[in-house]
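Thanks for making the time this morning. I would like to walk through one model with you, going from the whole chain down to a single side chain.

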Amino acid sequence: AAIRRLEPDVLLVQELSVRPEARSWLGTLLQGLGLPSFVVPEPGQLSYSSAVASRFELTPVPAFDAAPFPELLVAADLQLGPTTVRFVSAHMPNGSNHGWKKVDSLECVIKHAAEHAAPIVVGGDFNEPVAVLPSGEMCSVAGTPSPTGVVANGNWTRREKPIRSAGQ
């Protein structure tokens, strides 16, 4: 309902199932939402992927083969008059389960963007902390800050209030 109400020209989506029936369902759904052109990468190691969808004709970009999980990074070009705009849908693996693969994935996107001369839009799920405190402590959606980082000890919270700087 939200997608239908917003009527986006381009939609970047993450955490899509790679099951064949899910891909077919996704195509039908996107067409019904007025987004008939979409790019979904080939299934990889994980059970989910990312996608780029648009009202206008998209041109797929070669896969991010250097990425640890290429299925989580997908790009497509959209011709807007004389300008080609590249859209990248990215889902960064979380660092707690995938360690350096998160960093490798971010570096892959940065390298890709640096090598692309035309305008580029990168969006998605970067699995970043909700906030970083002035002390350097991180607050995630799955934990509470402590002197040694984020602790998730059964009291899972989300820090929504603004962080005041020293002196405020």
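What follows is a short tour of the strands, the cores and one lysine.

Let me begin with the ground rules: this is a predicted model, in which local features need pLDDT of at least 70 and side-chain atom pairs count only at pLDDT 80 or more, while totals for chains, interfaces and linings use all residues. Residues are numbered from 1 along each chain as its sequence is written, and side-chain values use heavy atoms, with hydrogens and water left out.

The chain holds four helices and 11 strands, where helices (H or I, at least four residues) and strands (E, at least two) are DSSP runs numbered from the N terminus. Of its 168 residues, 35% are buried, and buried here means under 20% relative accessible area, with exposed over 50% and partly exposed in between, for a 1.4 Å probe and protein chains only. If we take contacts, meaning heavy atoms within 4.5 Å, between residues at least 6 apart in sequence, 49% of them join residues at least 24 apart.

Now to an open sheet of three strands, ordered 1-3-2 with antiparallel pairing; two strands pair if DSSP finds at least two bridges between them. Strand 1 (10–17) and strand 2 (37–39) are at the edges with a single partner strand each, so one side of each has no neighbour in the sheet. The twist from one strand to the next averages 25 degrees, with axes being lines fitted to C-alpha atoms, for helices over the stretch in contact, and angles running from 0 to 180 degrees between N-to-C directions. Strand 1 and strand 3 (residues 48–54) are joined by six bridges, and L12 has V52 in strand 3 as its bridge partner. Across strand 1, strand 2 and strand 3 lies helix 2 (residues 20–32), at about 155 degrees to strand 1.

Turning to strand 6, which strands does it pair with? With strand 5 the pairing is antiparallel over eight bridges, and V74 stands opposite S89 in strand 6. These two strands make a hairpin with two residues between them, and G81 in the turn has a positive phi of about 65 degrees. With strand 7 (residues 120–125) the pairing is parallel, over six bridges, and H91 has D125 in strand 7 as its bridge partner. Seven of the nine residues of strand 6 are buried, so this strand is largely enclosed by the rest of the structure.

The largest nonpolar core has 10 residues, including V61, F64, V88, A90 and C108; such a core is a set of buried Ala, Val, Leu, Ile, Met, Phe, Trp, Tyr and Cys residues joined through side-chain atoms within 4.5 Å. Strand 5 (73–80), strand 6 (83–91) and helix 4 (100–115) each supply at least two residues of this core. Apart from it lies another core of nine residues, among them L11, L16, L33 and A51.

A polar atom of the K102 side chain lies 2.5 Å from the backbone oxygen of N127. Leaving aside neighbours within four places in sequence, K102 is in contact with M92, P93, N94, G95, F126, N127 and E128.

Terms used:
Polar contact = N/O pair within 3.5 Å; in protein donor to acceptor, adjacent residues only side chain to side chain.
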